[in-house]
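The sequence and the structure are shown first.

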Amino acid sequence: MSWKRSVARVLILLVLGLGIGASGWLAVPTSARAASCSVSVGNGAFGTSISPLTAGTVDTTATLNFSCSGLTPAVPVTLCPNLDGGSGGGDGSGGRLLKLSPGVTLPFQIYQDSGRAQPWGSTVQPVFGTPPTITATPGLGGTINVSRTLYGRIWVQSTTAPGTYSSAFVGETFLWGLNLVSCAGITVGSTVTPALFTFSATLVPDCQVTAGNVDFGTSGVLSAAKDAQGSLGVTCTSGSPYSVGLNNGLTGTGPTQRKMKKGSETVTYGLYKNAARDQPWGDLAQGAGFVWSGSGTGGSQPFTVYGRAPAQTTPSPGAYADTVVATVTY
């Protein structure tokens, strides 16, 4: 999206004695020169426990407060609150960024509306669009108090690295003046600067695991080893170290001494990390060599589970089963 910067600066003259200044901004009357204005913007917190695996878009809000005293009653005052890219910077095409570290960023935007369709821009840095035009009319006491909501949004991908992302806004140039029709193109006027405020989001490590069955099929006499295999899928946030272990099943006593049961009868079997079936797959309590370890990418990483029921005394015919829990530690 591109933004056309207007160079017209138009004020409606309502107070006797005002003149056009050389800058194109109307000169301020004596009563307005004594005006005292302040502005503040609250922080925007997207959350401190956002999982990149499930987040998608995350929204937050912040509040701008603008107040003045010593104004001329009944003469409208307009604020043009310019917002640049903050310390996170921009993407070069109007989008803003939250930053974790150099080169590690999160797409971010501030909007004027709750539908998050109109970006909150800056006439000082037109790439971000146009700022809202905030106008208020002082009463007989010559004061105004105005609040405006800033609507923030981030876009979190499953591949986004965990950490605290932020953008600090400091020294923002908020312009204000009398009877301003629109903030478009306005780059001069009285200024008021809010104290530092930030938008931030903390993404936390997370993992998910899926598993398929290990089906040994049907067999007669267990006079020879019976092999089968299944699958696991582990999805962990980018850069997150993890290990995946398998418990001993419902009644097993070790990785190669698991039991499929039918009533009180059992079939002994083992689960392994490799096709040769000489690396038993257990859990961390049995030692680091019994688990698979890896580092998350944000995508699903597949593992094959190799099963073997060794030759053994054959129990009575029927369906034998066991339940094994896969645990990802991260």
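The model is a predicted one, in which local features need pLDDT of at least 70 and side-chain atom pairs count only at pLDDT 80 or more, while totals for chains, interfaces and linings use all residues. Residues are numbered from 1 along each chain as its sequence is written, and side-chain values use heavy atoms, with hydrogens and water left out.

**Disulfides**

A disulfide is a covalent bond between the sulfur atoms of two cysteines. With a disulfide taken as a pair of cysteine sulfur atoms within 2.5 Å, a search of the whole structure finds 3 of them. When the bonded cysteines of the protein chain are numbered in sequence order, the pairing reads 1-2, 3-4, 5-6.

| Pair | S-S distance | Torsion about the S-S bond |
|---|---|---|
| Cys 37 and Cys 68 | 1.9 Å | about 115°, right-handed |
| Cys 80 and Cys 183 | 2.1 Å | -90°, left-handed |
| Cys 207 and Cys 236 | 1.9 Å | 115°, right-handed |

Helices (H or I, at least four residues) and strands (E, at least two) are DSSP runs, numbered from the N terminus. Cys 37 and Cys 68 form a disulfide with their sulfur atoms 1.9 Å apart. Cys 37 lies in strand S1 (residues 36-41) and Cys 68 in strand S3 (residues 56-69), so this pair ties together parts that are 31 residues apart in sequence. Cys 68 has a relative accessible area of 4% and is buried, where buried means under 20% relative accessible area, exposed over 50%, and partly exposed in between (1.4 Å probe, protein chains only).

The link of Cys 80 and Cys 183 is left-handed, with -90° about the S-S bond. This pair joins distant parts of the chain, 103 residues apart, with Cys 80 in strand S4 (residues 77-81) and Cys 183 in the loop between strand S10 (174-178) and strand S11 (190-192). Cys 80 counts as buried at 0% relative accessibility, and Cys 183 is likewise buried at 0%.

The link of Cys 207 and Cys 236 is right-handed, with 115° about the S-S bond. Because Cys 207 lies in strand S13 (residues 207-211) and Cys 236 in strand S14 (residues 226-236), the pair ties together parts that are 29 residues apart in sequence. Cys 207 is buried at 11% relative accessibility, and Cys 236 is buried at 0%.

Two strands pair if DSSP finds at least two bridges between them. An open sheet of 4 strands has the order S7-S4-S10-S11, with antiparallel pairing. Strand S7 (134-136) and S11 stand at its edges, each with a single partner strand, so one side of each is left without a neighbour in the sheet. From one strand to the next, the twist averages 30°, taken between axes that are lines fitted to C-alpha atoms (for helices over the stretch in contact), with angles running from 0 to 180 degrees between N-to-C directions. S4 and S7 pair over 3 bridges in the antiparallel sense, and Val 77 stands opposite Ala 136 in S7.

**Strand S12**

In a regular strand the side chains alternate between the two faces of the sheet. Strand S12 (residues 197-203) has a covered face made up of Phe 197, Phe 199, Ala 201 and Leu 203, whereas Thr 198, Ser 200 and Thr 202 belong to an uncovered face. Strand S9 (residues 163-169) runs antiparallel to S12 and is joined to it by 7 bridges, with Phe 197 in S12 as the bridge partner of Phe 169. Strand S2 (residues 44-45) pairs with S12 in the parallel sense over 2 bridges, and Phe 199 in S12 is the bridge partner of Gly 44.
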